[in-house]
2 protein chains.
Amino acid sequence: MQSVAQALEIVLQNAKPLPARTAPLTTSVLGLVLAEDIASDLDMPPFDKAMMDGFALRVSDLRNGQAELVIIEEIPAGRTPTRAVGAGQASRIMTGAPIPQGADAVVMIECCETLANQKVRVNEPRARPRLNILDRAKEMRVGEIVLRAGTRLRPQEFGLLAAVGRTTARVQPAPRVAILSTGDEIVEPSITPGLGQIRNSNGPMLQAQTARAGADPQFLGIARDEPQHLRSLITEGLRRDVLILSGGVSAGKLDLVPGILEELGVRALFHKVAMKPGKPVLFGVLFGRDPMGSAGLETSQTLVFGLPGNPVSSMVGFELFVRPALRALMALPPGPGLVQATLTKDHPYRTDRPTYHPARLSWCDDAGWAVEPTAWFGSPDLRGLSPANAFVVLPEGDHVHRAGDRLPVLRVENDF
Amino acid sequence: MQSVAQALEIVLQNAKPLPARTAPLTTSVLGLVLAEDIASDLDMPPFDKAMMDGFALRVSDLRNGQAELVIIEEIPAGRTPTRAVGAGQASRIMTGAPIPQGADAVVMIECCETLANQKVRVNEPRARPRLNILDRAKEMRVGEIVLRAGTRLRPQEFGLLAAVGRTTARVQPAPRVAILSTGDEIVEPSITPGLGQIRNSNGPMLQAQTARAGADPQFLGIARDEPQHLRSLITEGLRRDVLILSGGVSAGKLDLVPGILEELGVRALFHKVAMKPGKPVLFGVLFGRDPMGSAGLETSQTLVFGLPGNPVSSMVGFELFVRPALRALMALPPGPGLVQATLTKDHPYRTDRPTYHPARLSWCDDAGWAVEPTAWFGSPDLRGLSPANAFVVLPEGDHVHRAGDRLPVLRVENDF
């Protein structure tokens, strides 16, 4: 049986970034990783530019910052100056407009008084050459790399890509994740369960976890405990980047999934992990040939996770193994990982395997991370997850954890 | 001129949760707030349930945990037991299946050895009544409230809602946010700018910021500096919950926006904030009549933000004012707000207004938050935002901030 750390290492060894794709730069690529270097197609700004509304003038015309100048033109943003500013002259200019020839500074409008006869009185003792002028190409030069492959696409990167004329880019795509619930006892949420049946709560939960991780969930439905039906749905799931099977992977007599996976070419790399809840966690890989055809090199084609049917086991299994895998497929660092937190009250606990116990993690600017285990009666207790926002890791054995002790906590949320 | 804190208070006074709507429980409602109490429609589990694969039996049959029992039935998950377990009998049972009448414990399969003649030898010294049985209604009773209005929809809430049969729920909807870029000098990213023109980088950036905040961005295009065109697009934008205008709100001669907003019934509540970058920030409200018709009570119908055209001013203005407003419309607490962080190196800085300077914020389990200002030459410097993930707040005046000083930092990202 693997430890959690060993199991995670096996997962990450098999989760390499997906092939890059060209995508339109809509909000659907927010948070994805850029897969190409981006060069500017222009100087930015493309011209010497006014940074204030005011008057473009020649500093040499001023005495102690003062002068009366003749207004020769008005230059709104988006227009091109038509006249050079000569001695004793000024052009009214708007923020963002190109500086006219001859001018070497912009005096802000608040320091100017317009007079009759197309004249302006200027009073700006701080005037100096280049005042309120943004020089051409100060931000970037044509041909210069402004974003490197590997950069994550945040709002400012959207702005930069637009500034250099990009409406599409090569990105590491969001993994397509098939989610398949299994078991004759499982019915859709819209159905009132008959005796012996339970509603499929893991399907919606896994879809939400997948979406929260930035990947693209595709629910395949509920497979009956029947080889033909299972095989057909698993085959469908193996066409995606990741297949998550909910239920059907423990050692029970009717758990058909492991056999069918093997038959379909999935190599199981582990099927038990020393943890609670959720010991029976299967991880396997469907290998394919390198699409570039390089000498039959094997590449992982679909990652397969078999998660236990109990809801808390399922949630923990996803956060410990699936989420880091999805991040690796997207070329993101593993995250969220563990933080050390201070226990807020005594918590005696006995367990035979390291236990991921639902907990409330909070942050305080003075004291750092604090954690309090929440009420929970075991892996079927889905309701016990609602007051929780993390899992505190309790070591195996019989311990009285004391208030003030530091314990590792698995973060699963990244909200403020 | 308002301080940032005063301005934010004015914004939040006018940003009340939107009317609730019924929505299907797809991943598009992930992160939204529930607007109704949710009651269970059944006992959960609906029957005494096996928590392990093994044998259901009567503890009174065991001596020191041992016995040889006759196997009378096999109960897979999803099936109903047909026979009561009598003295000397046991039924093979799968995880999740209903406990047959007569049985009072489940002994796990690993402690059982099946013999010839439909018999099983059991050896489980820890056997006691209710072992490995999850009692009916242990998790929830029919009619019990399992989620309260105000709960945020995370993966575990998706699971719970499915468990109680919900496929839709009343939620606080994501605000619809119209984004309107303004200015004759602005061209779409796909166009190579002519002399005096610049590409619309704020439009894509604001759309990405809106999406990151969990709201629904709708880009209306670029309005020319022409009253008819502006009026028609602003009128369109005022049909949404929020209208963001990019550019066109400073005091320049061609800045037509404030006049048109007033004409269309938008009441400006502030138009300047003591901050850098981004002093000219307009906030206004289009009031409407209460849709419930209660005596002409005014309700805010559309929140209007006019952000400066410079990209960094635009980004800071959004994060300081628009994002908290969007969160309030969604009934979420303000967040992200400020954290105190330790400056990692000396940083002399002179400014005449509190300045939100691009910075790199990092977290270390030992030392807490650390912040380092990033290279930046002012509000047009969009490229300077790419190495940054936060804004350090530098006070007005001439200061030498020392390594080790604590400074407030505006968090804008919530990634691990």
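Predicted model: local features only at pLDDT ≥ 70, side-chain atom pairs only at ≥ 80, totals over all residues.
## Overall form of chain A

Chain A contains 6 helices and 28 strands. Its radius of gyration is 31 Å, whereas the globule rule gives 22 Å for 416 residues, so the chain is more spread out than a compact globule. The C-alpha trace spans about 100 × 60 × 45 Å along its principal axes.

Of the 416 residues in chain A, 49% count as buried. Among contacts in chain A with a separation of 6 or more, 71% are between residues 24 or more positions apart.

## An open sheet in chain A

Chain A has an open sheet of 6 strands, in the order β8-β5-β7-β6-β10-β9, with mixed pairing. Its edge strands are β8 (105-108) and β9 (112-115), each of which pairs on one side only. On average, neighbouring strands of the sheet are turned by 40 degrees against each other, direction ignored.

One pairing within chain A can be followed residue by residue. Strand β5 (residues 54-57) and strand β7 (residues 89-93) of chain A run antiparallel and are joined by 3 bridges. Phe55(A) has Arg92(A) in β7(A) as its bridge partner.

## Two packed helices in chain A

Two packed helices are described by the angle between their axes and the distance between the axes. For helix α1 (residues 4-13) of chain A and α6(A), the axes come within 9 Å and cross at roughly 30 degrees. Angles under 35 degrees count as roughly parallel, so α1(A) is roughly parallel to α6(A). The crossing of α1(A) past α6(A) is right-handed.

On the α1(A) side, the residues that meet α6(A) are Val4(A), Ala7(A), Leu8(A), Val11(A) and Leu12(A). On the α6(A) side, they are Leu320(A), Phe321(A), Pro324(A), Ala325(A) and Ala328(A). An α-helix has 3.6 residues a turn, so residues three or four places apart point the same way.

## A covered helix in chain B

Helix α2 (residues 155-163) of chain B is mostly covered, with 9 of its 9 residues buried. The buried residues of α2(B) include Phe158(B), Leu160(B) and Leu161(B), and also Gln156(B) and Glu157(B).

Which elements do the buried residues of α2(B) pack against? In chain A they pack against β16 (198-199), α3 (202-212) and α6 (311-329). In chain B they pack against β3 (38-39), β12 (145-147) and β13 (168-172). Just after α2(B), Gly165(B) takes a positive phi of about 85 degrees.

Key. Residues numbered from 1 in each chain as written. Chains lettered and ligands numbered in written order. Helix = DSSP H or I, 4+ residues; strand = E, 2+ residues; numbered from the N terminus. Rg over C-alpha atoms; globule rule 2.2 N^0.38 Å. Buried ≥ 20, exposed ≤ 12 C-beta atoms within 10 Å, placed from the backbone. Contact = placed C-beta atoms within 7 Å. Pairing = 2+ DSSP bridges. Axes fitted to C-alpha atoms, helices over the stretch in contact; angles between N-to-C directions. Parallel < 35°, antiparallel > 145°, perpendicular 65-115°, else oblique. Left-handed = near helix turned anticlockwise from the far one by under 90°.
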